[in-house]
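Here's a quick briefing to read with the structure open beside you. Take it topic by topic and find each residue as you go.

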Amino acid sequence: MLAYRDTGAHSGGEGLVQFAHVGKVGNAMTVPLSVSDGVFFKHCNINSLTLFADIAVEASAGQICDKKRQDPTALSNKKCTLAMMSMGEKSGQFDVVIVGGGPGGMAAALWCDELGLTSCLIDGASNFGGQLHWIHNPITNYLGGKFDNGTAVLRAFSASLSDRRFTQMLDLRMTAIDRTSMTVSLDDGRDISAKAIVIATGIRRRMLGVPGETEFNARGILGSGSRDKSEASGKTVAVIGGGDAALENALILAEYAEKVYLIHRRERFSARKEFIKALKDNDRIETIFEARVKELGGSSELEFVDVELAGGVSRRIAIDNAVVRIGVQPNSEILNDIADLDDAGYVIVDREGRTSVANIYAIGDVAHPTSPTIATATGSAAAAIKSIAAQMRKTE
Ligand SMILES: Cc1cc2nc3c(=O)[nH]c(=O)nc-3n(C[C@H](O)[C@H](O)[C@H](O)COP(=O)(O)OP(=O)(O)OC[C@H]3O[C@@H](n4cnc5c(N)ncnc54)[C@H](O)[C@@H]3O)c2cc1C
C-alpha cells in the first residue's frame, strides 16, 4: 500500500507528491518515514493523483512534510498516522503499467521516464528488487562493477531511480488482466489502466509438493545455503535437486555441515562441470541418485526425509536441515488464456518483448528462460519500452 502526501498538485500541471510505503492496518495506518531509502520516496506525475486522492495524511507531530517548504529528511524516522478515507474504486491511467519490480521492472520504469512516458511500477512484495533479495553471493558478471550480493545491486538500481519519475505501488499483486480495456486488476480491488502493459513478474522456486514442505519451512528447511550456512554448522543436511543451484548449495553447506546428502531424482546431474567435479572431491557430500522425495518430517523441527529409490525401495534419512533447489517456474499464470506461452509456461515474445497480444509486453525471466540474468532483464526492458514509445509516437 502506498500513500501520498499532497504538496498542492491538485491545481493542475505537474506537482510534487511524496510517497511513503505503509502497511495497511484496517482504516488507519502507521508509517515510519524513512527518506534515507530512495525507493520509498519519489516524485510522481499528476496522473497518479487520481489513484490516491482520497488518502489523508496527518503527521503525529502536526507536521506535514512539504517538499516545497521543508527538507523531507527532517521527518526521517518520525511516525505519521495516515487516516485512510474511503479508497473507493478510483482508477488512474498511465502510458505504461509495469507489473513486477525486479531488475526488469525497475529498468522499465527508468526507460519510461527517459522516454517521457508516465508509468506505474507494481510489485506484490514489500520491496522492489525481486530475486536480488535471494542473492547472497557476490555478483561478478554484471557489467559495471563487482557487487557483494543482490542487495548491493538493488542499492545501485534504487540510486539510479531516485530522481526518476514514476508511480510505485508495493504490497499489491496483480490478479487479472483485461486485454480489451488494457486494465490490470490488483488484489485490493483497484484497476489500473494503461496504453501498454509490461509483464515483469519473473520466476518463483518450484516446490516439491510433498507433506512437511510447508510445515517445516524455517523449522529446519533453509531458504538459502549461503545465507543460512551457519545454521547448518556441525549438522546433517539434505540438499534436494541436481542443477547448478542444488550443487552450489551442497558445496557451500559442506564447508559447515558435518554431512550433506545430495538427493536427485534423475541418474545424473544437469549442473555445470566445475560443480560436478568439486562434488566428487568432497567427502562430506553423499549423492543419492534416482531418489524421489516423499516427505519431509519430524515433530516440532525437521528430523528426516523419506525417499523412494529406484525399484520402489523406501529409505528414511535422518537430517537436521534441508534445502530444496529443484528449479523454477515462471509467474505467468495470469496470461494463461490471454497470451501465447511455451510448454513450460514462459511468455513467448518477439525481439522487442511483444507478446501475442497487442500492447502487452513481457520482459526478464518470465519471458527469457535461456538467459535468466540481470543483463537480460534490464536489456529486454529497454527494448520493450523503446518499442512502446515508438508505437505511441506513430499513433499520436
Ligand atoms: C541465487 C541467485 C543468484 C543469481 N545470480 C545471478 C548473477 O550472478 N548474475 C545475473 O545476471 N543474474 C543472477 N541471478 C538471476 C537474476 O536475479 C534474475 O535474472 C533477475 O532478477 C530477473 O529479473 P526480473 O525482473 O525478470 O524478475 P524477478 O527478479 O524475478 O522479479 C519479479 C518481481 O515480480 C513480482 N511479482 C510476481 N508476480 C507478481 C504479481 N502477480 N503482481 C505483482 N508483482 C508480482 C515479484 O514480487 C518480483 O519482485 C541470480 C538469481 C538467483 C536466485
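## The main core

Val97, Ile98, Ala108, Val198 and Ile199 touch the most other members of the largest nonpolar core, which has 57 residues. A nonpolar core here is a set of buried Ala, Val, Leu, Ile, Met, Phe, Trp, Tyr and Cys residues joined through C-beta atoms within 7 Å. "Buried" means that 20 or more other C-beta atoms lie within 10 Å of a residue's own; with 12 or fewer it is exposed, in between it is partly exposed, and the C-beta atoms are placed from the backbone.

Keep in mind that this is a predicted model: local features need pLDDT of at least 70, side-chain atom pairs count only at pLDDT 80 or more, and totals for chains, interfaces and linings use all residues. Residues are numbered from 1 along each chain as its sequence is written.

- Zoom in on valine 198: leaving out neighbours within four places in sequence, it is in contact with Val96, Ile98, Ala108, Tyr361, Ile363 and Ala384. A contact means that the C-beta atoms of two residues, placed from the backbone, lie within 7 Å.
- In soluble globular proteins, nonpolar side chains tend to be buried together.

**The whole chain**

- The chain has 6 helices and 21 strands.
- Of its 396 residues, 40% count as buried.
- Look at the chain's contacts with a separation of 6 or more: 63% of them are between residues 24 or more positions apart.

**Around the ligand**

- The ligand has 33 residues around it, and Gly100, Gly102, Gly130, Gly202 and Gly364 come nearest.
- By class, the shell has 16 nonpolar, 14 polar and 3 charged residues. Ala, Val, Leu, Ile, Met, Phe, Trp, Tyr, Cys and Pro count as nonpolar, Asp, Glu, Lys and Arg as charged, and the others, Gly among them, as polar.

**Strand β13 and its partners**

- β13 (residues 236-240) is mostly covered, with 4 of its 5 residues buried.
- β13 and β14 (residues 259-263) run parallel, joined by 5 bridges. Two strands pair if DSSP finds at least two bridges between them.
- Alanine 238 has tyrosine 261 as its bridge partner in β14, and it stands opposite alanine 322 in β19.
- β19 (residues 321-324) also pairs with β13 in the parallel sense, over 4 bridges, and here valine 239 stands opposite valine 323.
- In β19, Asn321 and Val323 point one way while Ala322 and Val324 point the other, and all are buried. In a regular strand the side chains alternate between the two faces of the sheet.

**Two buried loop residues**

- Valine 347 sits in the loop between β20 (328-330) and β21. It counts as buried because it has 27 C-beta neighbours inside 10 Å.
- Valine 347 and alanine 362 are 15 residues apart in sequence, with their C-alpha atoms 6.8 Å apart in space.
- Alanine 257 is in the loop between α4 (residues 244-254) and β14. With 25 C-beta neighbours inside 10 Å, it counts as buried too.
- Alanine 257 and lysine 235 are 22 residues apart along the chain, and 4.9 Å separates their C-alpha atoms.

**Positive phi angles**

- Most residues other than glycine have a negative phi.
- Aspartate 171 has a positive phi of about 60° although it is not a glycine, and its place is in the loop between β8 (167-169) and β9.
- Methionine 182 has a positive phi near 50°, and it lies in the loop between β9 and β10 (183-186).

Notes:
A residue is near a molecule or strand if its C-beta atom, placed from the backbone, lies within 6 Å of it. A crossover is right-handed if, with the strands pointing away from the viewer, the path from the first strand over the helix to the second runs clockwise.
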